[in-house]
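Biologist: Could you put the model up and talk me through it? I'd like to start with the charged side chains and then move on to the rest.

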Amino acid sequence: MRPRPDDTFWGTLWREAILATSLGWNLAVPIFAGVLLGYVLDRALETGHIFTLGLLVFGVAVGYYNLMRVIQRIDRADRERQRKEKEDRR
């Protein structure tokens, strides 16, 4: 059975939708976890908002680090695909 011509379109669309969703999660989860953990620590140790703010900043840093890694992985895959296309044209 041959695939329909639009199968590549839908496959690409789903792949990109999943990637966009994962980028959101990669950013949101560390921030939320940092704030939650900071809040719990601040309540347990009665330290005001020190841990909440500190772990919020740490969560933002970790979230952006995750995004940077994903973008680098996508860039590497794109360069590899372009290299293969050049080799195939020869």
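This is a predicted model: local features need pLDDT of at least 70, side-chain atom pairs count only at pLDDT 80 or more; totals for chains, interfaces and linings use all residues.

Biologist: Where do Arg79 and Asp75 sit relative to each other in the helix?

Modeller: Arg79 and Asp75 are four residues apart in helix α2, so about one helical turn separates them. Side chains of opposite charge can pair when their charged atoms come close.

Biologist: And is Arg79 buried or exposed? What about Asp75?

Modeller: Arg79 counts as exposed because its relative accessible area is 56% and the cut-off for exposed is over 50%, whereas Asp75, at 35% relative accessibility, counts as partly exposed.

Biologist: OK, how many salt bridges does the structure hold?

Modeller: The structure holds five salt bridges. Another of them joins the side chains of Arg81 and Asp78, at 2.4 Å from N to O, and these two residues lie three apart in helix α2, about one turn of the helix.

Biologist: What else does Arg81 pair with?

Modeller: Arg81 also forms a salt bridge with Glu85, where the closest N and O atoms are 2.9 Å apart; Glu85 and Arg81 are four residues apart in helix α2, again about one turn. Through these shared partners, Asp78, Arg81 and Glu85 are joined into one network of salt bridges.

Biologist: How accessible are Asp78, Arg81 and Glu85?

Modeller: Each of them counts as partly exposed: Asp78 has a relative accessibility of 27%, Arg81 has 40%, and Glu85 has a relative accessible area of 34%.

Biologist: Switching topic, what is the chain built from, helices or strands?

Modeller: The protein chain has two helices and zero strands. Its radius of gyration is 21 Å, well over the 12 Å that the globule rule gives for 90 residues, so the chain is more spread out than a compact globule. Along its principal axes, the C-alpha trace spans about 65 × 30 × 15 Å.

Biologist: How much of the chain counts as buried?

Modeller: Of the 90 residues, 12% count as buried, and the chain exposes about 7,800 Å², with carbon and sulfur atoms supplying 66% of that area.

Biologist: Which residues make the nonpolar surface patch?

Modeller: The patch is made by Phe9, Trp10, Leu13, Trp14 and Ile18, and its area is about 590 Å². Phe9 belongs to helix α1, which covers residues 7–45, and with a relative accessibility of 48% Phe9 counts as partly exposed, because the exposed class needs over 50%.

Biologist: Now contacts: what share of them join residues at least 24 apart?

Modeller: Among contacts between residues at least 6 apart in sequence, 50% join residues at least 24 apart.

Biologist: Let's take Leu56 then. What does Leu56 touch?

Modeller: Leaving aside residues up to four places away in sequence, Leu56 touches Ile31, Gly34, Val35 and Phe51. Leu56 itself is placed in helix α2, which runs over residues 50–89, and at a relative accessible area of 29% Leu56 is partly exposed.

Biologist: And how far is Leu56 from Arg90 in space?

Modeller: From C-alpha to C-alpha, Leu56 and Arg90 are 52 Å apart in space, and they are 34 residues apart in sequence.

How values were computed
Residues are numbered from 1 along each chain as its sequence is written. Side-chain values use heavy atoms; hydrogens and water are left out. Patches are made of residues with over 30% relative accessible area and no salt bridge: like charges are joined within 9 Å, nonpolar side chains (Val, Leu, Ile, Met, Phe, Trp, Tyr) within 5 Å. Accessible areas come from the Shrake-Rupley method with a 1.4 Å probe; for residues, only the protein chains shown count as cover. A salt bridge is a side-chain nitrogen of Lys or Arg within 4 Å of a carboxyl oxygen of Asp or Glu. Buried means under 20% relative accessible area, exposed over 50%, partly exposed in between (1.4 Å probe, protein chains only). Contact means heavy atoms within 4.5 Å. The radius of gyration is taken over C-alpha atoms; the globule rule is 2.2 Å times the number of residues to the power 0.38.
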